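I opened the notebook to write down, entry by entry, what I looked up in this structure.

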Amino acid sequence: MKTRYKAIMVAALLATGACKKDSEFLDVPPKQVIPTETLFSDPVLVLSALANLYSRQLDFSSLDDGWATFVDFSEAFPSENGSSFFVQRNGWGYGEWGNWDYTYIRELNLFIQRASASTKLSDADKSRFLAEARFLRANFYFELVKRMGGVPLVTEASEEIQDPLTLQKPRAKESEVYDFIISEAEAIKNVLPTNADEKGRATKGAALAMETRAALYAGSIAKYGTTTPQVTLPGNEVGIPNTLANGYYTKALAAAQQIISGSAGAYALYQGQTDLSENFAAIFYDKSTKNKESIFIEDFKIGTQKKHSFTVNDQPYSSREEGSDAGRLNPSLNLVEAFEKLDNTYAPLATTDGSGNPIYYTDQKDIFAGRDARLAGTVITPGSTFKAQPLDIWAGYQLADGSVFSSNDASILRALPGTTASVQVIGNDGPANSKELRTQTGFYIRKYLDPSTGSGRRGTGSDVPFIRYRYAEVLLNACEAAFELGNNGLALTYINQVRSRAGLTTPLTELSFDRIVHERRVELVFEGHTLYDMKRWRLAHIVWDGTQMTVADLKSNIGSAKKRNTQPYGLWPYKYYNPGNTNNGKWLFKEVRPSLVTGANTFRLGNYYSQISNDILSANPKLVKQPNQ
Amino acid sequence: MKYKYSFIILFAIMWAITACKKDTYDAPSVTLKGRLVYNGEPINVEFNQVPFQLYQPGFGKTGAIVGTFGQDGSYSTLLFSGNYKMIIPNGQGPFRWNENQTTSQRDTLAVNVSGDQTLDINVTPYYLINNSQITAANNIVTAKFDISKVITDANARDIERVTLFINKTQFVSGGDNVVQTSIEGSAITGLQNLSITTAIPALTPTQNYVFARVGLKIAGLEDLIFSPLVKVTF
């Protein structure tokens, strides 16, 4: 009985198993991979594929663990002992900033091909997805051309394995890559949604903002490239002929004006807070619909994997929310003194009077008074507050005999001469040389710092977005393009809008190239523009010329586009100790070069375009090498 | 037992034979060295800033062996024997070398390396600093020198500036110095009997000598040409 039962069972199993055709035996549908046809039949799945492509965009700076990408170029000092190399090296390698990520381009091309071939998506979905992928591709080519000059323009991908020789493409001219970006932006701008509140995904505003910046870069390379004839290649893979400059400037102005006129959505400068400095800082942390300034951002969300540690890394030391994470990014005095006075003039911060005697201030804040509101919106200065906590920045006591009485940590108390009680002789927030995680220049970064509680904890993090394109830059692009085209009146209306928002209410009546360079520096510093602006104006090898700086250098020629900026300086406050003197307890300031700063930045001509590595050159003999390398 | 013994011999022989084969390649051992010269006179440049590249075609991927010239224009590299092509990349160095007449791009120099050899590279500098005399007295360093313009045809370039550099160590250039003093090219009227003086700053730790040399910046080129290095005691 038992045997028979078993036999029936076996027979039944055999019979059911045998129903499968032999040919299907190996044809098992994958369980981890979504087949192409399935993916491109459902808009939700397509969006998730697109989200992956969005997340792989390339930026110069990144907020997550990327404080170090902001710290270079003497605009800031790295207060982390392992990162001192930024201020100890004499320059950059030829490969610095290079990128050759054709894997990403291939995947964008495949996405475009597959989405075009799809028959199951609605027309509206399909055209938007295609336009978004084309935006990402154009924006990535923009990143490549900024770094490498002309690169091979690959806009098609094959799913089959081909003869590698047919895949080897020569470098396009630098101007052809810019033309590609501009024409793609023109082609997709009316397909993308017109919505000023859509910031994470590509919109008409984002496409036009990319177009105006790209055209401006191309125009300035054409115009200012004549000053560095060495930085060109005979085939124009690097360098744009001078005759094309006006054409690009015209396109840059036209694209910017489409945004300014409101045809791409209701973008506007962020305004409304009475404190203009707080207003400027809020551009970066206010994510409500009140913020019509940011156009295209990298967004973050607390409670997910997509959060960042910018506030953790860079918060003031005294009010830190995490044991030993703070104060890494210290803006330099070079940058701070570039913020002009409210009467539109430049002046160094007044530390000494005409005869060289120190000036005594009752309040630390007084030395920074009467300056561009963007100063306090970008930099935390001594005497200010963050998260309602006052900063404690001072380097020690200045004694009447000229010596300094200090220690290198606020927890080390000392008795002042003639007293017995031990007191604190240096600020909790620094500055002291080589004392990492607190300021060594006297300043902390304010831009991108998240004022919400918990943003300085590693576990919580911050969701302040990184702004890739914003309205103030569009205005400055329009200003520069109009200026280069000789239309100063129009240029002034644009630049004065940006300036009046910052409290510089006396409008400029004359415009110069140096003014534009200066305005972009103070408005857009730490947003990934510094290097590319200096490159396209061909100022990089002049500003970073490898010569050590003196205090006299630092304090002179402020506002000049060619001002040397090779080493970050600091401004250290001291408390005057001289009982009985009227100045006792007042503040004086000294310009200091942090002792870790030993190198001086040298931008070599070969740094203008990053090196193409030997691997890439030998895989494709049609590529020509960069100049001066 | 005999049976086992023969195996042992066999193993010993096999081990001995295979072990004869070396398991790595020889390191490159042939020295190619030389200097940058003009009419036999060395060309002084900045340390580590003027590169040269050696290519050896015929071995799969192409890629350069990169070296740089020393302060006194010397170079030295260890290679395998073979045929190489040498270039000094376009735009590098304060001189003209091997420029193609029509494209004005630099050509390659074929180098056959078969044994240790010295290969001086003849270049044509735009300018030379001659008869330089650097002396120190009372904490002041004085450099006296002449300049001669070597390239005077259509390729001639102007002097941007002439600078006296001083450093604590023997590496003296725009990137390595404790003090530098320049005269702008526009302020130079004659090329003979030029002089630059500069005060020696406080040195820590104190030392009673400095290294000094004069660098000449040529308009439109980033590499300077220098006078010979001098150690001056004060």
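I began with a term: a polar contact is a pair of N or O atoms within 3.5 Å, where within protein one must be able to donate a hydrogen and the other to accept it, and residues adjacent in sequence count only if both atoms are side-chain atoms. I noted that this is a predicted model, in which local features need pLDDT of at least 70 and side-chain atom pairs count only at pLDDT 80 or more, while totals for chains, interfaces and linings use all residues. Residues are numbered from 1 along each chain as its sequence is written, chains are lettered from A in the order in which they are written, and side-chain values use heavy atoms, with hydrogens and water left out.

**Entry on Asp429(A)**

I found Asp429(A) in the loop between strand E10 (422-424) and strand E11 (444-445) of chain A, strands being DSSP runs of at least two residues (E) and helices runs of at least four (H or I), numbered from the N terminus. A polar atom of the Asp429(A) side chain lies 2.7 Å from the backbone nitrogen of Ser318(A). Is Asp429(A) buried or exposed? Asp429(A) is buried, where buried means under 20% relative accessible area, exposed over 50% and partly exposed in between, with a 1.4 Å probe and protein chains only. Asp429(A) has no salt bridge, and the nearest side chain of opposite charge, Arg320(A), is 7.1 Å away; Lys and Arg count as positive and Asp and Glu as negative, while His and the chain ends are not counted.

**Entry on salt bridges**

Glu184(A) lies in helix H9 (residues 174-188) and Arg134(A) in helix H7 (residues 123-148) of chain A, so the pair ties together parts that are 50 residues apart in sequence. Glu184(A) counts as buried because its relative accessibility is 8%, whereas Arg134(A), at 26%, counts as partly exposed.

I also looked up Glu523(A) and Arg374(A), whose side chains meet in a salt bridge at 2.6 Å, N to O, and both residues are buried.

**Entry on chains A and B**

How many salt bridges are there between chain B and chain A? The count is zero, although seven residue pairs are in polar contact, both residues at pLDDT 80 or more.

Definitions and conventions
Salt bridge = Lys/Arg side-chain N within 4 Å of Asp/Glu carboxyl O.
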